[in-house]
Amino acid sequence: MRWFGFGFNAFGQIRVQEKSGRGESSSAPHQVKVTHPAELSCHVDKSGCCLKTSQIRVSWSRRASLHLDGDSCLNLAGFGESVSSEDCDRIETWDLQKREKSPSWSMDIKTHAEGSDVNLPLVPGGYIALKTPLYCTLPGHLKARSLALGAEHAVLLTATGAVYSWGLGSHGQLGHGLLTSEEEPRVVEALWGMPMTRVATGGWHSACISDGGDLYVWGWNESGQLGLPSRGLRKSQQKSSQQTGELCYDTSTPADEKLKEEEEHEDVFISIQAFPALLDVSPSCEIQTVSCGSRHTAAVTTTGDLYTWGWGEYGQLGHQTVTSSDEPQRVEFFRAEQMRVLDVVCGTWNTFAAAVKEEVACAENSTKCTC
């Protein structure tokens, strides 16, 4: 499995792999905008072995990404340098602004004990928050399976497939139909009775996948991050086209009639979606996984295609442009390379995707593959 990254890279959080003159891999200079999927470089451990990235976690700081290299080596990429550790028996939270010599919070874990699996930000008894208090408890009856943290809200998936949310609700990101905040976990009633398998949160929007592979989205849609028509995005694109002289005017229709026509269709645009809405990403297949950035979203289908939409100023949509989109679009790079995408993880302004060659995927799933 190979990992690729694209989007914001000012701090080197996308470990871009480049070929040197001798044909060897080397770390490239930090390119602020990586607009096309670039394969991540491997991490060399103390013994000189090159460890391939097997898992990625991203940070809301916009400056770092956490890579699991091999089976046990953690590598923090970003901040202009990389820091690695092979000690995975302890969870620590550090305040990098204060540069203290000890963590702000820590918890010892038994990695080899039965039932000790840690699914961050979930930890035994609660979860790690983005702000103080860093450790927050959860009601025991929820039996959390996974938890996604947005900029100022949280969405939790229970073992039974129910979805709960709490935190700031000013952009409809809680999915309760209102713009009010919730201090305690509250079930998303619109999804009640439909078991969900995954949840994801962006800066001010949320998403989840049903047991049948349907994708539901809600929250802020100013940049088209919900995949729904965005008035703000369309206006921004129109203004940009006018400034660059690329806008073509239709002289057959007077300007006042054009304005009237736009006003008549203004109600089709959605700025805030306070209830979960079903999003048809690709009519021919189901959704396997979803991830959200600050103002963009990415989803992988069961056929191995990657779709992205929302804000694309740093190339985080992977379409080799910095254009935003309020419609899900397939990232053609992987199809052109005959690769099947298995997983996707969004950072605040960047995206990471794991993929394998089509023939490898077919060999591993010979009974299911239809390629």
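## Charges over rings

In this predicted model, Arg-295 lies over the face of Trp-311, at 4.3 Å from the ring centre, and the charged end of Lys-33 sits over the ring of Tyr-314, 5.5 Å from its centre. A charge sits over a ring if NZ of Lys or CZ of Arg is within 6 Å of the ring centre and within 35 degrees of the ring normal.

## Aromatic pairs

Across the whole structure, a search finds twelve aromatic pairs, where rings of Phe, Tyr and Trp (its six-membered ring) pair if their centres lie within 6.5 Å, and planes under 30 degrees apart count as stacked, over 60 as edge-to-face and the rest as tilted. Phe-4 and Phe-333 are edge-to-face because their ring centres are 5.6 Å apart with the planes at 65°. This pair links distant parts of the chain, with Phe-4 in strand E1 (residues 2-8) and Phe-333 in helix H3 (residues 332-336), 329 residues apart; helices (H or I, at least four residues) and strands (E, at least two) are DSSP runs, numbered from the N terminus.

Trp-311, at 15% relative accessibility, counts as buried, and Tyr-314 is buried with a relative accessible area of 17% (buried means under 20% relative accessible area, exposed over 50%, partly exposed in between, with a 1.4 Å probe and protein chains only).

## Basis of the values

Residues are numbered from 1 along each chain as its sequence is written, and side-chain values use heavy atoms, with hydrogens and water left out. Local features need pLDDT of at least 70 and side-chain atom pairs count only at pLDDT 80 or more, whereas totals for chains, interfaces and linings use all residues.
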